[in-house]
Amino acid sequence: MYKRQTKLEKVLTYIALTVIMLFFLLPLLWILRTSLITKVEAYKIPPNWMASLTFDNYISIFKDNTFGQYFFNSFFIALASTVVSVLLGAMSAYWIVRCARRSDRMKLAILVTQMIPPVVMVIPLSLIVKGLGLDDSYIALIVAYLSFNLPYVIWMLFSHYESIPRELDDACAVDGCTRAQTYFKVVLPLVMPGIMSTAVYSFIVSWNEFMFALNMTGLKTRTLPVAIASLDTQQGVMIAELCAATIVAILPVIFLSIFIKKYLVQGLTFGSVK
Amino acid sequence: MKSIHKHSGDSSIRTARRKDFLLFMLPSLIALMLVLAIPLAYSLITSFFDTNLKYQGLGEFRGLQNYIEVLKDTYFTESVLTTLKFTVCVVVLEFVVGLVIALLLNNIYKARNFFFTIIIVPMMITPIAVGLIWRLLLHSDLGIVNYLLSLIGISGKAWLADSSLALGTVMFIDIWQNVPYMVLVILAGLVTLPTEPYEAAAIDGASRTQSFFRLTVPMMMPTFSVVLLLRSITALKTYDLIFVLTRGGPGTTTEVISYHIYQQAFRYLEIGKASAMSYLLLLLIVPIAFLFIRISRSRTT
């Protein structure tokens, strides 16, 4: 593998990679293109390659279809659930790593929760939410998302706390700091990068979530994935608008994922590949 | 108790510890109880009852009857088989394709980051968007795919509506979305491999195939097992893609377990049976999760 390659091999590798890249990229570019042409052009087969570009579809989904509201709903619910998970999870992860007597078992329990399929959770959660009369409320989905966000944040932060030497905590204790002072003044600033990347990842997962949102949101609190899925079935397929809505739903995530690219591997393998 | 041991240092440490516990752990414990423990317990209880959304309360106690009926239900067992077929196919194919792409990327230096950044995009997108994108592309009359195929003389197909093609099409779309995951993780493993063994092997006259199977594969084994197991778990949970692409159809050809359970609960309102199915699904995932945890533990310690 580290042997010197012939020039031909190099060229072939680049050609193969270009083809592969196009396989992943072209579908997205086609959707982008369809979102930028008129409704009539979008239906044309064979396609009119010279169709002029317009932002009409974007304007239309935000004006006629209250996509602004759905965008806000997605943003607010994902952000709120992430913030709550981080506020609670960051402290608990620290406690489990540093103070808990059976930290191994607690870690295991936290990891196991990540394997539970959403369909298993959505049935009891939605019954509880409906029983409490909380359907179509922000709080229902924010709390429901804690069921995967909170354990995820706790699990991901274990290794960040473990990478900080225990002697640092001990030194603070000798200086008379309480556990809380040690945590907030010394440890927390050191794990901030870990917390940020975990938070961004947890935001992306919440932003993309569908099944809970499908079940617990109504017209008022509907998130983007539910909104685009229903745009598809409402009045036939409105191709151009559907494409615009899809681009709106995926663009923030693409942007954020580039931002945390360095941490993605850790985030996606529960830290088992570094 | 507190006042008796006022002067003992041991006790003041203990009270401090208790206070810290309340501050650091209690909020999370309450939240986890609320969103995980209680719902899971509720599900387990309803799985033994004839709970139905058509009427109030838990309904009649049925013991293991729900489980027995579910296991006898051919619709359920078929959805299990579909899920297993789907999982095995997509995980194996995604792994092989992902490995090849990762090896290619590992062979180049110039523009690696550029290729990599674009290739990992599909993985980040919500499966709902991925499903909608491919539905438009594969639309039998209005889709670009059938049009391009017609240019080279292949007649278009109803990719998602034809019962002999639907499952394969769904798998293909899943592969488009999740190969990037394999590329990402496998490449991360490849770049950390030491170069010395390869240099030594080259001096000894080993061919590239030999060094791949004798060096790369054994050294990458931990990463391979992690991606295979994790991806198997997520594939067993697949729901969103099925929802947008086929709703389990045509017929029940693409009805995976998660979709079947969801329908049982929210369309037929049979919560008791759906809960029993949920626990059977958990049973399916537990051994894989257990393997993953053992491997990831031995790696981190």
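Predicted model: local features only at pLDDT ≥ 70, side-chain atom pairs only at ≥ 80, totals over all residues.
For the model as a whole, the scores are ipTM 0.90 and pTM 0.91.

Confidence in chain B was examined by residue and by element. The mean pLDDT of chain B is 90, with 96% of its residues reaching 70 or more. Among the elements of chain B, the lowest mean pLDDT (81) belongs to helix α1 (residues 9-24) of chain B, and the highest (96) to helix α4 (residues 74-106) of chain B. In residues 1-7 of chain B the pLDDT is below 50, and this stretch has two contacts in the model beyond near neighbours in sequence.

The secondary structure of chain B consists of 14 helices and zero strands. Its order along the sequence is accordingly written α-α-α-α-α-α-α-α-α-α-α-α-α-α. Chain B has a radius of gyration of 26 Å, whereas the globule rule gives 19 Å for 301 residues; the value for chain B is well over that figure, so the chain is more spread out than a compact globule. The C-alpha trace of chain B spans about 85 × 60 × 30 Å along its principal axes. Of the 301 residues in chain B, 40% count as buried. Where contacts in chain B join residues at least 6 apart in sequence, 70% of these contacts link residues at least 24 apart.

Chain A comprises 13 helices and zero strands, and its pattern along the sequence reads α-α-α-α-α-α-α-α-α-α-α-α-α. The radius of gyration of chain A is 23 Å, while a compact globule of 274 residues would have a value near 19 Å. Taken along the principal axes, the C-alpha atoms of chain A fill a box of roughly 75 × 65 × 30 Å. Buried residues make up 47% of the 274 residues of chain A. Among the contacts of chain A with a separation of 6 or more, 76% are between residues 24 or more positions apart.

The domain assignment divides chain A into domain 1 (7-58) and domain 2 (59-268). The C-alpha centres of domain 1 of chain A and domain 2 of chain A are separated by 32 Å. Contact between them involves 13 residues of domain 1 of chain A and eleven residues of domain 2 of chain A. On the side of domain 1 of chain A that touches domain 2 of chain A, at least two residues come from each of α1 (7-35), α2 (39-42) and α3 (56-63) of chain A. The most is given by α1(A), with four residues. By class, this side of domain 1 of chain A has seven nonpolar, four polar and two charged residues.

The contact between the chains takes 74 residues from chain A and 75 residues from chain B. On the side of chain B that touches chain A, helix α14 (residues 271-300) of chain B gives the most, with eleven residues. The residues on this side of chain B divide into 55 nonpolar, 14 polar and six charged.

The largest nonpolar core contains 155 residues, and those with the most contacts inside it are Tyr94(A), Ala144(A), Ile228(A), Ala245(A) and Val183(B). Helix α7 (residues 138-162) of chain A supplies the largest share of this core, 17 residues. With neighbours within four places in sequence left aside, Val183(B) is in contact with Gly98(B), Ile101(B), Ala102(B), Ile119(B) and Ile120(B).

Val200(A) counts as partly exposed because it has 18 C-beta neighbours inside 10 Å, where 20 or more would be required for a buried residue. Beyond neighbours within four places in sequence, the contacts of Val200(A) are with Leu256(A), Phe259(A) and Ile260(A). Val200(A) and Ser257(A) are 57 residues apart in sequence, and their C-alpha atoms are 8.3 Å apart in space.

Methods: Residues numbered from 1 in each chain as written. Chains lettered and ligands numbered in written order. Contact = placed C-beta atoms within 7 Å. Nonpolar A, V, L, I, M, F, W, Y, C, P; charged D, E, K, R; others polar. Rg over C-alpha atoms; globule rule 2.2 N^0.38 Å. Buried ≥ 20, exposed ≤ 12 C-beta atoms within 10 Å, placed from the backbone. Domains from an automatic or database assignment. Core = buried A, V, L, I, M, F, W, Y, C linked by C-beta atoms within 7 Å. pLDDT = per-residue confidence, 0-100.
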